[in-house]
There are 2 protein chains.
Amino acid sequence: MLAYIVESFDRSTKVIDFHYPNELLQRNNWELSDEPETLDDILISCRATLKYAIKTAHPRYFNQLSTGLDMVGLAADWLTSTANTNMFTYEVAPVFVLLEYVTLKKMREIIGWQEGHGDGIFSPGGAISNMYAMLLARYKMFPEVKEKGMSSVPRLVAFTSEHSHFSIKKGAAALGIGTESVICIKADERGKMIPSDLERRIVEAKQKGYVPFFVSATAGTTVYGAFDPLMAIADICKKHDIWMHVDGAWGGSLLMSRKHRWKLNGVERSGLMQSCNQMQACYLFQQDKQYDLSYDTGDKALQCGRHVDIFKLWLMWRAKGTIGFEAQIDKCLELSEYLYNKIKDREGYEMPQHTNVCFWYLPPGVRYLEDKVEKMKRLHKVAPVIKARMMEYGTTMVSYQPQGDKVNFFRMVISNPAATFEDIDFLIEEIERLGQDL
Amino acid sequence: MLAYIVESFDRSTKVIDFHYPNELLQRNNWELSDEPETLDDILISCRATLKYAIKTAHPRYFNQLSTGLDMVGLAADWLTSTANTNMFTYEVAPVFVLLEYVTLKKMREIIGWQEGHGDGIFSPGGAISNMYAMLLARYKMFPEVKEKGMSSVPRLVAFTSEHSHFSIKKGAAALGIGTESVICIKADERGKMIPSDLERRIVEAKQKGYVPFFVSATAGTTVYGAFDPLMAIADICKKHDIWMHVDGAWGGSLLMSRKHRWKLNGVERSGLMQSCNQMQACYLFQQDKQYDLSYDTGDKALQCGRHVDIFKLWLMWRAKGTIGFEAQIDKCLELSEYLYNKIKDREGYEMPQHTNVCFWYLPPGVRYLEDKVEKMKRLHKVAPVIKARMMEYGTTMVSYQPQGDKVNFFRMVISNPAATFEDIDFLIEEIERLGQDL
């Protein structure tokens, strides 16, 4: 594992040794059988697993929002696995429950909530967190939904930007609200929700007899990295008495940067948590325990068992301090700016302005086409081919997608602490190398 | 960490070095600050974290359904942390996605589903899995709920045993079905759902105009470890055209034991998965990728990012083989039987018969009380005090709870592979030592 880590940081190794699913299955015997394997075979399996894995620590891996490997974080994860417990109760995870308590307190302080206000819990990712937010908003307005279900309340509608994360709709589908009751608000060309359109749609929904209960603003949209105007949205939510949620899965950490936190101004006006999930299972949350039961936080969760996620974040935070995170965030944004400036006037690139640097590379064969329709059709196919070639060569990885009426473009997100200016230069050269014949 | 592991298996060390929450917070400076800590301080934090953690590997730790530490499993977890990726797509987790595919195929085979039938996904725990089951059942009967919400359908009702896990109600609350629409079916004295009561309640619900859509049977209830009669329940579900779910979080692994798998006869008749959660986010599940997109399983999940849980199970399975799991399961059940036989006729114990060995210890001062009400009142307080003392001394840990009209009793579950007959003997002696004065 240590050799793998060292190798991962080495730019001369591949980001991925790519193979197609059937190829990997044929090349490796990964089937499960009745008989045990020898320890040697187990080690061979471990080596193969790492050989064909993505090197997410690689300085040129830019594919997802989360990239890079933090050594203290890794150590913390190993310790978490070693402790091998679960967040059920204070009883079985005393330290981790307290570290979650300390960390959530600090996070609320950074958001700007007054002491003693607010609550929180670590959940298995942003999608489930968005679902929690919707649950809380619904519970606040109609607590009877918990017992009586959605048939006891009027038709609820939620609002979110057309650029928001798909988990808002997924959550609405699961919670029995329905995807059609999620009203998508127009975003401006930079991907920010347009407050006047939000208010217009709220009024419209009320006129139809629907009950607006939830606005999900996004601080860092998935594709453009746009920050919705939280202050203006908070004003509208206050006026219409609607729960405001801020999805900060991507951009929330900017709160730790003195230079960039203004982008989240207004986040302190978003809703506070309530315990709407409590079921008081008496085999787990016994009321006659000897310790302060407010530390049995498990009943706030949708889950019963919860993976211990806290230690990794807590230990990294201790090791870096808030200023360490700040430096890391500022550096990522500086690299984004560098990339933006580099391709702004470069031949063969087009780009709308965004926090995530989103851009098209137009190979010479596409660049000069006069037929606009044909040009877009051809351009749409460029990014998938370049990406596939990147994976074949294993040199770098970056994401692409279409958005609205825009054909496939690259979305460059920089969260990898190992990335440097040279890696940005490399990315551009590589895109041109792999795409010039298209 | 290695020293901690070795120590954990040593019976002479404490299971827990127990302290009250405020005490732990005062004793350790765990606050997060702006400035980074030194590496030495980080190591001190790591040591403190392990010092005050529960030793879940300890042979005398019986507190939760999952106990014990498997060394291959731990190695797999470390490797998972090192690979540091996510189950989004095949693109970012090629090996892990394939191992999940292989493992799910094997699991379906063990359940007894025909090849090519069935589907599945690893979710963050049993509670979320039960929620998935309810989602699937609802989607199967009323696919329009996804878009139109619960207001588009008649009132749905779900059925589960009064001994089932609290997550069924939690899920119903979240999904907008409402806890009052979860009808609790009577269980017999061993904790098994009574099929005739199920059918009676289904008919009753239909007469009221409600639509029964979901029956959750339990294979291994949380407290008694009871197995609902799956065949009889499947017959009723078939007759009334209701989705049958089997919650096998606790007892499902008995399918791997030739001796015990009959307890789950009928599980192969439970419902099959459908993709009701799909949202087709185009930034993640691009349709123009170069590989077989059926391996981008992420859109089946409620989550967007998913922790890599597969490797731990897969590597343990390879190292043990199915027969290794079988031996481990058989041994746990043998130890349960040993404990059952040991306390059956022992003075001061009372016990209903269950798979999980549930029992009361009656200290001499309670044992001979003639006033029945007073006796139950006193007995109710015995288990919490003994448990608190166990934690103070740190010698062992076992769970307790009341159930229905039964006062607090111990629930002894044996899943710890390190436990032996001697550890069972120790538990009994320790309960008597700690409780005799009560």
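Helix H11 (residues 310-344) of chain A supplies the largest share of the side of chain A that touches chain B, namely 11 residues, helices being DSSP runs of H or I with at least four residues and strands runs of E with at least two, numbered from the N terminus. That side of chain A divides into 72 nonpolar, 35 polar and 23 charged residues, where Ala, Val, Leu, Ile, Met, Phe, Trp, Tyr, Cys and Pro count as nonpolar, Asp, Glu, Lys and Arg as charged, and the others, Gly among them, as polar.

This is a predicted model, in which local features need pLDDT of at least 70 and side-chain atom pairs count only at pLDDT 80 or more, whereas totals for chains, interfaces and linings use all residues. Residues are numbered from 1 along each chain as its sequence is written, chains are lettered from A in the order in which they are written, and side-chain values use heavy atoms, with hydrogens and water left out.

The contact (heavy atoms within 4.5 Å) takes 130 residues from chain A and 129 residues from chain B. The two chains bury about 11,200 Å² between them, 63% of it on carbon and sulfur atoms; buried area is the accessible area (1.4 Å probe) that two parts lose on being put together, summed over both. There are 8 salt bridges between the chains, each a side-chain nitrogen of Lys or Arg within 4 Å of a carboxyl oxygen of Asp or Glu. B:Lys148 forms a salt bridge with A:Glu180, with the closest N and O atoms 2.9 Å apart.

Within the chains, strands count as paired if DSSP finds at least two bridges between them.

| Strand pair | Sense | Bridges |
|---|---|---|
| S7(A) and S9(A) | antiparallel | 3 bridges |
| S8(A) and S9(A) | antiparallel | 4 bridges |
| S6(B) and S7(B) | antiparallel | 2 bridges |

In strand S9 (residues 406-412) of chain A, 6 of the 7 residues are buried, that is, under 20% relative accessible area (1.4 Å probe, protein chains only). A:Phe410 in S9(A) stands opposite A:Phe359 and also opposite A:Tyr400. In chain B, an open sheet of 5 strands has the order S1-S8-S9-S7-S6 with mixed pairing, and its edge strands are S1 (61-62) and S6 (349-350).

Terms used:
Buried means under 20% relative accessible area, exposed over 50%, partly exposed in between (1.4 Å probe, protein chains only).
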